[in-house]
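Please have the viewer open as you read.

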Amino acid sequence: MDFGDEPEGSDSQRQRKRYHRHTPRQIQQLEAMFKECPHPDENQRAALSRELGLEPRQIKFWFQNRRTQMKAQHERADNCFLRAENDKIRCENITMREALKNVICPNCGGPPVAEDFFDEQKLRMENARLKEELDRVSSITSKYLGRPFTQMPPVPTMSMSSLDLSMGGMPGQQGHLGGPPSLDLDLLSGCSSGMPYQMPAPVTEMERPMMVDMATRAMDELIRLAQAGDQIWVKGMPGDAREMLNVATYDSLFSKPGVAFRPPDMNVEGSRDSGLVFMSAVALVDVFMDTNKWMEFFPGIVSKAQTVDVLVNGLGGRSESLIMMYEELHIMTPVVPTRELSFLRYCKQIEQGLWAIADVSLDGQRDAHYGMPSRSRRMPSGCLIADMSNGYSKVTWVEHMEIEQMLPINVLYRNLVLSGAAFGAHRWLAALQRACERFASVATLGVPHHDIAGVTPEGKRSMMKLSQRMVGSFCASLSSSPLQRWTLLSGTTDVSVRVSTHRSTDSGGQPNGVVLSAATSIWLPVPGDHVFAFVRDENARSQWDVLSHGNQVQEVSRIPNGSNPGNCISLLRGLNANQNSMLILQESCTDASGALVVYSPIDIPAANVVMSGEDPSGIPLLPSGFAILPDGRPGSGAGASSSVVLPLASQPGCVVTVAFQILVSNLPSSRLNAESVATVNSLIGTTVQQIKAALNCAGP
């Protein structure tokens, strides 16, 4: 009986309608056959059926669906240009209107035109035409996608600042008299320099084979790159052990026919590094495939990560798993924008004890279709993870990105970014080694060591959990993503302080109310490890901590969490009689790529909760601290290529970001006043001056 003649709802029809998900190997071979012959005959389908273990009917339906998909893709590609032009016109319209609002007439000093300068009727007609055109394109797209096409959200009005610098005074007064200046909070999500990155849409059924094929090819290229020799990877400058990608050789070996020439403003970052990591291969695979663990292990690099879609759920969520991820990469400073990436992550067990994790950015046409600019693109990258017999794993990390340099890079971080060290394999691997050491230290908390307070192992685990949340919160507060806007303050201090605000309500991690974050980044002509040793030393704290008022602090408890003596968690107590009710929780950590010193005040009752081993998730924290990175020049810990300009002094040094967070008000609806901003501005300026004086760093 023909399938269409069976009674609707019959058992056999329901059985045939049961969804079958092909394996990546099956899809790869079907795709290869499709390229050679989109219309296979009965004998060819039978041969494929025997080879792949599928029914001939499944082969037939797969080729029918694939031909339909190809037709839809061609139609969609034809519509992408029109939609992009539509969005471009709309963005230019908004940008021009915002720019005209801020134009000053040179004759009278006021606005050159009235608010009704724009012909409202013409604008309405133009918007109606654009909407009609977009609806027409959407209907065509929906026809071939087989589902309603969700239009892109409206473009948010661009704000020139996250803080409205208005003057507050007596009721009914505005201007320069009647009271101190105040800052009106604008806490709505948005960005000050363009549209925020749109989250990628989940994969459709018709896109799935293309994504699987893309991930499979990326895996093959990753394995070749990880095992390649000197013809692709070259050593850096003397004293720099990193391996850098030879771009010309890579292009000659991996270039694909028909691929467009790389634009001149596209910077290629390619690096490779390998080393031992104190964690089993299976546990490492779990970290890579779980976005929450991914952020926990790399808070200084990954400010945000999210699983958008699970294309293939492999055995135990590991081998043959394929997911779509979105992540934001950052350098912990307000002056360098984040890198936003949407990519596929494919996990595969190559053999017993050997795993591979391959990443590759989504196709550029698809990003354009969903309104997402592709300014950063991850080429086939990832890791080979080999299980060792002693609890260690050998990790070979390959990082390969193409970056479109849209804006000039801040001079402090220019060498670090342009050299590829900022997001290179060396930094990823060093951060992974440090995170694994921290994770392993939990298992050895029962080992006796110097501890003044005699905290129990349960209390130490609780303290480590609280400290991990503190470090994660501090790193996230320094993100410069489009949705976290920073405003440069104009003050009398020698440092450039930037501030950002957000409302904290029932977050469980911060006290409720309005939180003001302030940060500055400075260059110091001393090695980063010297700065790290100074700011983490409790005996030297009185030399830079303005809030200690020159009083010494005493270490109450210490938990080592790494092989480096500087990697530890400390509980500090001020020796000032007025500070007996407060303690300081501090974590310091360092590796070959940089260092962190993060601290937060904690009251005595909260400290007792932690040290007794109870759950610390309800304890609010407002962390402050220091992020220390090499300046990216030879000899500073992350050498730059010889083509990078050295704008600073001759000796290598480090770049330090100093950041504070203060609770402005316990009421989320409160307004931020100028006094709070002035306080934090002075706090950062004084801290920087005292650190420079203590380290004998002359000059501003």
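## A buried histidine

His330 is buried, with a relative accessible area of 0% (buried means under 20% relative accessible area, exposed over 50% and partly exposed in between, using a 1.4 Å probe and protein chains only). This is a predicted model, in which local features need pLDDT of at least 70 and side-chain atom pairs count only at pLDDT 80 or more, while totals for chains, interfaces and linings use all residues. Residues are numbered from 1 along each chain as its sequence is written, and side-chain values use heavy atoms, with hydrogens and water left out.

You will find His330 in the loop between strand 7 and strand 8 (339-351). Helices (H or I, at least four residues) and strands (E, at least two) are DSSP runs numbered from the N terminus. The His330 side chain reaches the backbone oxygen of Pro299 at 3.1 Å. Leaving aside residues up to four places away in sequence, His330 touches several others, including Pro299, Ile301, Phe423, Arg427 and Cys475 (contact means heavy atoms within 4.5 Å).

## Salt bridges

How many salt bridges does a search of the whole structure find? There are 14, each being a side-chain nitrogen of Lys or Arg within 4 Å of a carboxyl oxygen of Asp or Glu. One of them joins Glu327 and Arg378, at 2.9 Å from N to O. This pair links distant parts of the chain, with Glu327 in strand 7 (residues 322-329) and Arg378 in strand 10 (residues 376-378), 51 residues apart. Glu327 is buried at 0% relative accessibility, and Arg378 is buried at 1%. Both residues belong to a network of salt bridges that also takes in Arg345, Asp359 and Glu399.

Another pair is Glu243 with Arg272, whose closest N and O atoms are 2.8 Å apart. Glu243 counts as buried at 16% relative accessibility, as does Arg272 at 9%.

Glu31 forms a salt bridge with Arg66, the closest N and O atoms being 2.7 Å apart. Glu31 is buried at 4% relative accessible area, and Arg66 is buried at 8%.

Among the buried residues of helix 2 are Ile27, Leu30, Glu31 and Phe34. An α-helix has 3.6 residues a turn, so residues three or four places apart point the same way. At 1.5 Å a residue, the 13 residues of helix 2 should span 18 Å (1.5 Å times one less than the number of residues). The end C-alpha atoms of helix 2 are 19 Å apart, which agrees.

Now to a sheet: 9 strands form an open, antiparallel one in the order 13-14-15-21-20-19-18-17-16 (two strands pair if DSSP finds at least two bridges between them). At its edges, strand 13 (487-488) and strand 16 (553-560) each pair on one side only. Strand 14 (residues 498-504) and strand 15 (residues 513-524) pair over 7 bridges in the antiparallel sense, and Ser500 has Ser517 in strand 15 as its bridge partner.

Technical notes:
A polar contact is a pair of N or O atoms within 3.5 Å; within protein, one must be able to donate a hydrogen and the other to accept it, and residues adjacent in sequence count only if both atoms are side-chain atoms.
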